Amino acid sequence: MFGKYEVRNKLLIKKDMLEINISRIAENVFKYYRKYGDNRLSKKIVVKEVNLGIYPLPPLNQKYFISNTIYLRLKSTVTLSPKEKATVYFKAPIDIGVVLYKDNVNTIIDRVTLTREKYAIYGSIENGLICRFYITDVYHEEPEITMGEAVVKVEIDNVSNYFIELSKIVIPVAGINIFYKGERAHYGLFRVNIESPDSISIRYVKEVEIPGFYRTPITIGQFKEHLKMEWGVS
Amino acid sequence: MFQLQGYFEFSTIIDFIAAFLYVVLGFVIAKLTAGYTSRILKGKIPQHLLAFTSKVVFYIIFLISVILALIVLGAEKYIAGILVAGGVVGVILGFASEKAVSNFISGIFLLVDRPLNIGEPVKIKNEAGIVTDISFLSTKIKTWDGRYVRFPNSEVFNATITNYGKYVARRLDMTVGVAYKEDPYKVVETVKKAVEEHPYVLAEPEPEIFVESLGESSVNIAIRVWVPSPIWFKVKKEIASIIKSKLEREGIEIPFPQIVVWFRTPLELKQG
């Protein structure tokens with residue numbers, strides 16, 4: 001489903017409850033119609049030929065407030081012994097973005113959230129981060145995902161001399177080009193470095209590619225490589 | 001050649017032109033530098049400090065150009081005198097405009113103390129709205145009903161200020177009354193599910209729903225939820241309807257005020 005489409009007259013994409021329908025209604029006018037449950041959107045596009053991209057996008061709210069991170073609360077905690085490393089996988093939400101192209105210019109004409117939209121504060125009321133909130137299991141290999149979800153690969157390195165219990169993780173997703181292949185989406189690799197229970201940093205490894213996947217050409221927000229999880233992971 | 005006597009006795013017309021150019025050039029450079037400073041600091045420092053820094057940069061550069069112009073005019077030996085005279089005039093003006101000075105100093109304290117910033121929703125002396133400007137002398141707000149209100153900074157500094165946007169989230173409190181016949185545990189669970197359905201009711205801190213009091217006509221359920229500050233009012237407008245619909249769907253009664261009237265002697269019905 002993800003990828004680029006050239007529409008001369010008509011395009012219909014149906015997947016689960018999501019339906020995207022584009023049809024020519026006049027010489028230079030197309031009708032865009034999208035339905036997801038009760039959530040519907042209809043608009044007209046004035047263009048000779050529709051060049052469209054359907055991509056996974058970070059589910060960031062920029063309409064009412066700024067949220068550049070996803071807060072993953074783990075259904076079961078992970079305890080790391082001192083000087084131990086682990087590679088784990090999580091599921092995280094994505095938005096489905098519909099992008100219109102002309103020459104080198106593009107614009108997002110539609111964004112649909114297929115998972116339950118919730119937010120939470122990581123940190124204090126005074127100066128914490130408002131994050132997109134999602135509850136996930138912890139997986140030891142790449143999990144099966146549903147539409148609206150993406151895989152997150154995390155390498156955790158506990159370099160501290162303490163046992164660390166991980167019950168949440170906050171990933172910075174602004175500016176990230178999510179990977180896609182068919183209907184699968186993948187955020188890529190994050191590295192968590194635990195120096196002490198109060199000093200935890202998380203970094204998105206931009207250089208790592210996911211074999212067989214393509215990177216979306218669209219990003220949302222300003223890329224921030226590092227995030228200090230100064231309120232801990234427990 | 002034409003020469004001025006007095007202060008500028010050594011100045012020629014060329015010196016005047018040079019001095020004029022210094023002032024004009026100084027003005028242009030000051031404007032450009034202030035604009036450049038504003039651009040490079042945008043997003044890195046708060047907006048009110050940005051405007052303040054930009055103005056300070058402008059005046060410093062412009063003052064330097066004026067001093068250079070005076071030196072070109074041969075008035076360097078009088079600069080100290082001019083500054084002293086300026087100081088004396090400043091003191092006189094200061095006494096004459098005590099309130100303006102008080103506002104100015106309060107403005108500086110407001111910039112340092114930062115109880116409010118441009119764009120934040122605030123309440124100052126019973127006027128609530130969005131801060132649109134904080135200058136040296138006054139603070140302006142656009143009230144919720146679209147009025148422009150200007151406060152002298154000295155009043156703002158001494159007033160109790162409520163800033164609704166200082167923290168990332170605000171608590172939204174509500175109370176809903178249900179009939180005495182209803183199971184309070186079921187009601188609490190139903191209300192909790194209803195508020196959790198709203199995307200902008202934060203999952204953490206968790207919503208708190210509990211029986212607050214046993215009222216005269218209803219069991220009162222307290223609802224405390226946290227919401228991102230910028231959309232507090234949007235959620236407030238929506239949440240009551242969501243809760244009411246959910247309670248109705250579950251068949252939970254929201255009672256009207258009730259009074260049980262008891263008569264000491266039984267009433268007699270008379271047929272007329």
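This is a predicted model: local features need pLDDT of at least 70, side-chain atom pairs count only at pLDDT 80 or more; totals for chains, interfaces and linings use all residues.
# A tour of chains A and B

With 6 C-beta neighbours inside 10 Å, A:Asp103 counts as exposed. Residues are numbered from 1 along each chain as its sequence is written, while chains are lettered from A and ligands numbered from 1 in the order in which they are written.

**Stop 1: two loops with positive phi**

Stay on A:Asp103. It sits in the loop between β9 (95-102) and β10 (105-113) of chain A. (Helices, H or I of at least four residues, and strands, E of at least two, are DSSP runs numbered from the N terminus.) The phi of A:Asp103 is positive, about 55 degrees, although the residue is not a glycine. Most residues other than glycine have a negative phi, and most peptide bonds are trans.

Now select B:Asn126. This residue is in the loop between β1 (121-124) and β2 (127-134) of chain B. B:Asn126 is not a glycine, yet its phi is positive at about 65 degrees. It counts as exposed, with 6 C-beta neighbours inside 10 Å.

**Stop 2: β11 and β12 of chain A**

Select A:119-122, which is β11(A). Is this strand covered on one face or both? Both faces are covered. A:Tyr119 and A:Ile121 lie on one side, A:Ala120 and A:Tyr122 on the other, and all are buried. In a regular strand the side chains alternate between the two faces of the sheet.

(Two strands pair if DSSP finds at least two bridges between them.) A:Tyr122 stands opposite A:Leu129. The hairpin has 6 residues between the strands, and A:Gly123 takes a positive phi near 110 degrees.

**Stop 3: where the chains touch**

The contact takes 13 residues from chain A and 12 residues from chain B. (Two residues are in contact if their C-beta atoms, placed from the backbone, lie within 7 Å.) On the chain A side, β11 (119-122) and β12 (129-136) are the elements that give two or more residues. β11(A) gives the most, with 3 residues. By class, this side of chain A has 8 nonpolar, 2 polar and 3 charged residues. (Ala, Val, Leu, Ile, Met, Phe, Trp, Tyr, Cys and Pro count as nonpolar, Asp, Glu, Lys and Arg as charged, and the others, Gly among them, as polar.)

**Stop 4: the nonpolar core**

Select A:Ala92. Which residues does A:Ala92 touch, not counting those up to four places away in sequence? They are A:Ile70, A:Leu72, A:Tyr134, A:Thr136, A:Glu149, A:Ala150, A:Val152, A:Ile171 and A:Tyr187. The largest nonpolar core has 81 residues, and A:Ala92 and B:Val191 are among those that touch the most other members. Apart from it lies another core, of 9 residues, among them B:Leu110, B:Val131, B:Val156 and B:Phe157. (A nonpolar core is a set of buried Ala, Val, Leu, Ile, Met, Phe, Trp, Tyr and Cys residues joined through C-beta atoms within 7 Å.)

**Stop 5: β17 of chain A**

Select A:199-205, strand β17. Its covered face carries A:Ile200, A:Ile202 and A:Tyr204. A:Ser199, A:Ser201, A:Arg203 and A:Val205 make up the uncovered one. β16(A), residues 184-196, pairs with β17(A) in the antiparallel sense over 7 bridges. A hairpin joins them through 2 residues. β17(A) also pairs antiparallel with β19(A), residues 226-228, over 3 bridges. There, A:Ser201 stands opposite A:Lys228.

**Stop 6: along chain B**

Select B:13-41, helix α1. At 1.5 Å a residue, its 29 residues should span 42 Å, and the end C-alpha atoms are 41 Å apart, which agrees. (The expected span is 1.5 Å times one less than the number of residues.) B:Ala19, B:Tyr22 and B:Ala34 are buried in this helix. B:Gly43 follows, with a positive phi near 90 degrees.

Go on to B:Thr160, in the loop between α5 (153-158) and β5 (161-163). Its C-alpha atom is 7.0 Å from that of B:Lys125, 35 residues apart along the chain.

Finish at B:Glu204 and B:Pro205. A cis peptide bond joins them, with omega about -5 degrees. B:Pro205 lies in the loop between α6 (184-197) and β7 (208-214) of chain B.

Key:
A residue is buried if 20 or more other C-beta atoms lie within 10 Å of its own, exposed if 12 or fewer, and partly exposed in between; C-beta atoms are placed from the backbone.
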